[in-house]
Amino acid sequence: MTPLTPFENAWHYRELIRAVVRRELAVRFRGSILGWLWAIFGPLVMLSAYTVIFSNAVGVPASAKQGGVGSYALSIFTGLIVFNLFSELAYRSPGLLHEHAAVIKKSIFPSETLAWTAAIRASVYALISLAVLFVFELALTFWLPPTCLLLPFVVVPFFLFLLGISWFLMALGSFTRDVAYLMISIVPVFMFATPIFYSIEDVPPHLRFYVHFNPIGNYVEMIRDVVLFNRFPDALLYLGTVGGSLLVFFFSYRFFMQYKAVFVDVI
Amino acid sequence: MSSDLVISCDGVGKAFQLYMRRNDQLKQAIFGHWKQFYRQHWVLRDVSFKVHRGEKVGIIGRNGAGKTTLLQIICGITRPTQGNVNVVGRVAPILALGAGFDLELTGRENALIGGAILGMRRAAVEARLDAIAAFAEIGDFFYQPLKMYSTGMAARLAFAVCAHADADILIIDEALSVGDAAFAAKCDAFIKEFATQGTILVVSHDLELLATVCDRVIWIEDGAVRKLGTAEHVIADYRKSVEGRAAAKALLLKRAAASS
């Protein structure tokens, strides 16, 4: 297996991935009158609620004092987009193979593509939220930082990291349903360990080192840097996080493919 | 001659791991190096046969003999525990009609996904959509969500997709018992036509169909090849065995009734 194998595999099955993504997106809002508007309303309501809550009810953390309530709301929203992307996959992946058991057992379906379709589907909603974020940012500050152009350099490794997580959880989840319940109990805890409602600068200096072991938190910080603060991410943080993500991506793929033929017999 | 070989099974065996408790599966995955948490159950043992290009091979056997597992191994869905399988060419398996179909999507959209699963390019499926719709005989329902379909209609669509997959090898598992008589006749006709150029591996209890379509038949019993030979001979022997068993059973019942 070379580092390119997962990509070659995805390219080989691109037609299938495209067809399944289309299906997932088409089915999502079918039967509802407003349809795709729901994908925009959701994040819009969330962002408005945070702005209202934090401007009236709850105090703003020290790091966000100078920016004001609007920029604090944008900062939370950015964190939530990133985290929701992760949590959707963390909740969904353990059950993916069970969900598609019929087609996996009864046809020549390449189950590794399920991670791609799940990740792409989740990313589509994240992109819609991102568009809402940009609109709000423009309305509040009348400009977008030029560093926004660097976003792909942060988002692509994040996407690969998510794929890795998805493969790993799919593989574990096929053996036991407990993984799904484990996710339901630990993801919310994880949410508070991630700098969403606060910034890494609010963390006491002696703990900051450990916070950096949370790749999702690192991605939150880096995406905030380029989308909101017109800053380059810290080079060491960037290289470390991207390197770790690539390792997760390749080794999870290898792990999944190694056990692929076994899943059929256990699901 | 060997270049004509499309399927070769060499000493294929498949064992399932039977777990007494649900958690043992996870324990096995983690501690499997040190201790075994399951009992092995052999579904197939030492199955060997070869299929050449253009051959029509039937597989018969009682329920639970391992026929479906054998097909799954040949399709590459599951790995054999022992032995080797080599398949040359594109396989279109019809193991379960409509596996992977989505009730919310239209017949057309499902056909596109079904084609993609079989490894077809989107353009190729699109070019055949009319033919698929015509073969399935579902009329305007082709553009309706699958939840509006009757079971027979969904099965016809599924068969139509597989029939237009441009496969080299058709692998069929009893899928033909669905649909009304007219559609069953159509499937038979399709198989006979495909048989003129393609390779077919078919599992069926329909001995008449096997006798007309197949050149050779493999009889599988308790996971092993009981008999392999010309369709005529193997089917005749299989019939005898089944009838013999039925007669023995009837005799036992009669005796039991007489003694009580």
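How are α3(B) and α4(B) oriented to each other, oblique or roughly parallel?

1. Basis of the note. The model is predicted, and local features require pLDDT of at least 70, side-chain atom pairs count only at pLDDT 80 or more, and totals for chains, interfaces and linings use all residues. Residues are numbered from 1 along each chain as its sequence is written, while chains are lettered from A and ligands numbered from 1 in the order in which they are written.

2. Helices α3 and α4 of chain B. Helix α3 (residues 107-117) of chain B packs against helix α4 (residues 122-136) of chain B at an angle of about 130°, the axes being 10 Å apart. Helices here are DSSP runs of H or I with at least four residues, strands are runs of E with at least two, and both are numbered from the N terminus. Axes are lines fitted to C-alpha atoms, for helices over the stretch in contact, and angles run from 0 to 180 degrees between N-to-C directions. α3(B) and α4(B) are therefore oblique to each other; angles under 35 degrees count as roughly parallel, over 145 as roughly antiparallel, 65 to 115 as roughly perpendicular and the rest as oblique. The crossing of α3(B) past α4(B) is right-handed. A crossing is right-handed if the near helix is turned clockwise from the far one by less than a right angle, and left-handed if anticlockwise.

3. Residues of that contact. From α3(B), the residues B:R108, B:A111, B:L112, B:G115 and B:A116 meet B:R122, B:V125, B:L129 and B:I132 of α4(B). Two residues are in contact if their C-beta atoms, placed from the backbone, lie within 7 Å. By class, the contact of α3(B) with α4(B) comprises six nonpolar, one polar and two charged residues. Ala, Val, Leu, Ile, Met, Phe, Trp, Tyr, Cys and Pro count as nonpolar, Asp, Glu, Lys and Arg as charged, and the others, Gly among them, as polar.

4. Helices α4 and α5 of chain B. The axes of α4(B) and helix α5 (residues 151-163) of chain B come within 8 Å and cross at roughly 135°. α4(B) and α5(B) are therefore oblique to each other, and α4(B) passes α5(B) in a right-handed crossing. On the α4(B) side the contact involves B:I132, B:F135 and B:A136, and on the α5(B) side B:R156, B:L157, B:A160, B:V161 and B:A163. These residues divide into seven nonpolar, no polar and one charged.

5. Helices α10 and α11 of chain A. Helix α10 (residues 215-227) of chain A and α11(A) have axes that come within 10 Å and cross at roughly 135°. That makes α10(A) oblique to α11(A). The crossing is left-handed. A:P215, A:N218, A:Y219 and A:M222 of α10(A) meet A:L237, A:Y238, A:T241, A:G244 and A:S245 of α11(A). The contact of α10(A) with α11(A) has five nonpolar, four polar and no charged residues.

6. Interface between the chains. Chain A contributes 21 residues to the contact and chain B contributes 25 residues. In chain A, α2 (14-28), α5 (101-106) and α11 (235-266) each supply at least two residues of the side that touches chain B. The largest share of that side, seven residues, comes from α2(A). The side of chain A that touches chain B divides into 13 nonpolar, two polar and six charged residues.

7. Nonpolar core. The largest nonpolar core has 141 residues, and A:L162, B:I171 and B:L201 have the most contacts inside it. Its largest share, 16 residues, comes from helix α7 (residues 151-175) of chain A. A nonpolar core is a set of buried Ala, Val, Leu, Ile, Met, Phe, Trp, Tyr and Cys residues joined through C-beta atoms within 7 Å. A residue is buried if 20 or more other C-beta atoms lie within 10 Å of its own, exposed if 12 or fewer, and partly exposed in between, with C-beta atoms placed from the backbone. Neighbours within four places in sequence aside, B:L201 is in contact with B:I7, B:V51, B:V57, B:I59, B:I74, B:I169 and B:I171.

8. Chain B overall. Chain B has eight helices and nine strands, and buried residues make up 40% of its 260 residues.

9. Positive phi values. A:N230, in the loop between α10 and α11 of chain A, has a phi near 55°, a positive value in a residue other than glycine. With 13 C-beta neighbours inside 10 Å, A:N230 counts as partly exposed.
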